[in-house]
Amino acid sequence: MIGVDRRRFRTAAADLRSALAYPLTGDVRLLGAGIATIATYVLLVLSTYPQFTRQLLERDLTDVTYGVSVLTREVYLTSGWLGLALVVLYALLTGVAVTNAVALLQRRRRSGATGVAGILPGVLAAGCASCGAGVLGALGFVGAMAALPYDGTLLRIGGIALLLWFLARAGDPRTCSIGVGGGADAGVRNE
Amino acid sequence: MDEEDTITNRRAILAGGATLGFGAGVAYLATRSPSSDSSYEPAAFHEGTGASGLGIELSGRPIVGDPDAPVDLYYWTDYLCPFCARFEANTLATIGRNYVDAGTVRIPFLLYPNIGDYSTSAAVWDRCVWEQVGEDDPAAYWNWHGSVFDAQRSSGENWADDERFGAITEGVEGVSRSAVQSCRASRRDAIRDRLDADVAAAQSAGIRGTPGFVVYNRETDQAGRLVGAHPYENFETAIDRVLAT
C-alpha cells in the first residue's frame, strides 16, 4: 500500500516537473507564459485595493505602472515577504498553467475529444482562489476580507496548491491521458 | 525532434533569467524606500473662519498656505489610511513647494475618519493638538501630523491606540501632552460635531474614501475632485485646470 502511494507521488512529481518545463519547449510558449505571468501579477496586485485601482484607472489608464509600484509596496507592508512571494509564485504558476491549458485545448480540438470540460475546472478553481480576496474586496465585502484568516494568505496558499495539483494532473500537455482521444497522440513526450 | 519542441539551454537560461528578474523587480518595488520628504515645512498657516465659497465649513480647521490664495485644495485625511501616508510622503511636499509657498494654493486639512476603530479618536487628537498650538506655534501641529504618519508607515497593523498617540504627542516639541489630554476629555463632543461636519462635506462633494481632494478656484467658482493617492502630475493638472478657467 505504501509502495503504491510512493509510486503515485513519484509519478505526480514527474508530471509536475514536465508540466512546469513545458513552456521551455518553444519560443512562443515561453513568451506566452511570460506575458501571462506579468498579466496575472498586475491583476493580482491591482485587485488588492480595488477601490484605489478603480479611481486611478478611471482617471488615466497610463497610471497603471504607478498603481502596480505603489500597490507592490503596499502588499509588502501589509503582508510581508511571505504575502508578496505568494503573489509572485502564483503569477509564475498561472503563467505556466495558462500556456499548458492553451496547448491542451489545441490538442484536444485537433483530436476531436470533448476536452474543455476537463481543463477549465482546474484553471478556474485556481483562479478563483487566487483573486478571491480581491474579488471579495471589489464587491464591497471588506468585512469578509478582514474575517479571512491571515488576510487571505491561506486563500492564496490554497490557490497555489490547486494550481500545482492541476499542473501535476495534466502533466506535459503533449501527452495523452489514458482514455482520451484513442492512441493518436500517445507517446509524443520527449524523453 | 527539432529545436522547436525541445528544451534548449538558451530558453532555459532565458526563462531562469526572466524569473529572477521578475522576482528582483518586485523585491525592488517592495523595498524601495519612499521618497519621503519630511524636511518640507510650509511657509504659512492660518485657521479658517466661516464657510468657504463651496459651502465647506472651515472655522477652527487648520489651513496650510496664504489666506488669500486663489485656489483651495480641500484635503480629507484619516491617520489610519495607508494611502494618505503615501500622499504625505510622496506628493504633499511637492505641491507645497510649487503651489502653496508660491501663494497659489491653500490646503484646508479636513478629517474623514473611516478606516479603523481608532480613526475617530485619532481625528480628535488632531483637532486637540491644533486647538492647543494653532495660534502660536502652527509648525508644531505640522510636525505632530507628520510624526503620526511616520508612525503609521513604520508600524504594522493595530499600531494606533491611546498609548502610541500619547507617546507621539510627547515627542513633538511645542505640544503639551497634558493640555491635549484635557482637551480630549473636555472638548470631545464639540470636536466630534465638527468631525461630522467634515465628513458630511466630503460626502456631499462625492468623496467616499481617503485621501480625498476637491480643487476649487475661489474666484471663478470652478471645482474638481480627486480621490486616492494620485501621482503629483495629476494634482498639477487638476490645479492648473481650475486656474485656467
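In chain B of this predicted model, helix α2 meets helix α8 through B:T91, B:T94, B:I95 and B:Y99 on the α2(B) side and B:Y232, B:F235 and B:I239 on the α8(B) side. Sort those contact residues by class and you get five nonpolar, two polar and no charged. α2(B) keeps turning up below: it also packs on α4(B), gives residues to the side of chain B that touches chain A, and carries the chain from β3(B) to β4(B).

**The α2–α8 packing**
- Two packed helices are described by the angle between their axes and the distance between the axes.
- For α2(B) and α8(B) (residues 232-244), the angle is about 35 degrees and the axes are 10 Å apart.
- The handedness here is right-handed, as α2(B) passes α8(B).

**The α2–α4 packing**
- On the α2(B) side the contact uses B:A85, B:E88 and B:A89, and on the α4(B) side it uses B:F149, B:Q152 and B:R153.
- By class, the contact of α2(B) with α4(B) splits into three nonpolar, one polar and two charged residues.

**The sheet**
- Chain B has an open sheet of six strands, ordered β1-β2-β4-β3-β5-β6, with mixed pairing.
- β1 (45-47) and β6 (223-227) of chain B sit at the edges with a single partner strand each, so one side of each has no neighbour in the sheet.
- Going from one strand to the next, the twist averages 25 degrees.

- β3(B) (residues 71-77) runs parallel to β4(B) (residues 105-111), and five bridges join the two.
- Along that pairing, B:V71 stands opposite B:V105, and B:T77 has B:L111 as its bridge partner.
- To get from β3(B) to β4(B) the chain goes through α2(B), in a right-handed β-α-β crossover.
- β2(B) (residues 62-64) pairs with β4(B) too, in the antiparallel sense and over two bridges.
- There, B:V64 stands opposite B:I107.

**A closer look at B:V215**
- You'll find B:V215 in strand β5(B), which covers residues 212-217.
- B:V215 counts as buried because it has 22 C-beta neighbours inside 10 Å, where the cut-off is 20 or more.
- Leaving out residues up to four places away in sequence, B:V215 touches B:V71, B:L73, B:A223, B:G224, B:A238, B:I239 and B:V242.
- One of those, B:I239, is also among the α8(B) residues that meet α2(B), and another, B:V71, is the residue opposite B:V105 in β4(B).
- B:V215 and B:D240 are 25 residues apart along the chain, and their C-alpha atoms are separated by 9.8 Å.

**Where chain B touches chain A**
- The contact takes 26 residues from chain B and 25 residues from chain A.
- On the chain B side, the elements giving two or more residues are α1 (9-31) and α2 (82-100).
- α1(B) supplies the largest share of that side, at eleven residues.
- By class, the side of chain B that touches chain A has 15 nonpolar, six polar and five charged residues.

**Chain B as a whole**
- Chain B has eight helices and six strands.
- Read along the sequence, they come in the pattern α-β-β-β-α-β-α-α-α-α-α-β-β-α.
- Out of 245 residues in chain B, 40% count as buried.
- Take the contacts in chain B with a separation of 6 or more, and 72% of them are between residues 24 or more positions apart.

Methods
Residues are numbered from 1 along each chain as its sequence is written. Chains are lettered from A and ligands numbered from 1 in the order in which they are written. This is a predicted model: local features need pLDDT of at least 70, side-chain atom pairs count only at pLDDT 80 or more; totals for chains, interfaces and linings use all residues. Helices (H or I, at least four residues) and strands (E, at least two) are DSSP runs, numbered from the N terminus. A residue is buried if 20 or more other C-beta atoms lie within 10 Å of its own, exposed if 12 or fewer, and partly exposed in between; C-beta atoms are placed from the backbone. Two residues are in contact if their C-beta atoms, placed from the backbone, lie within 7 Å. Ala, Val, Leu, Ile, Met, Phe, Trp, Tyr, Cys and Pro count as nonpolar, Asp, Glu, Lys and Arg as charged, and the others, Gly among them, as polar. Two strands pair if DSSP finds at least two bridges between them. Axes are lines fitted to C-alpha atoms, for helices over the stretch in contact, and angles run from 0 to 180 degrees between N-to-C directions. A crossover is right-handed if, with the strands pointing away from the viewer, the path from the first strand over the helix to the second runs clockwise. A crossing is left-handed if the near helix is turned anticlockwise from the far one by less than a right angle, and right-handed if clockwise.
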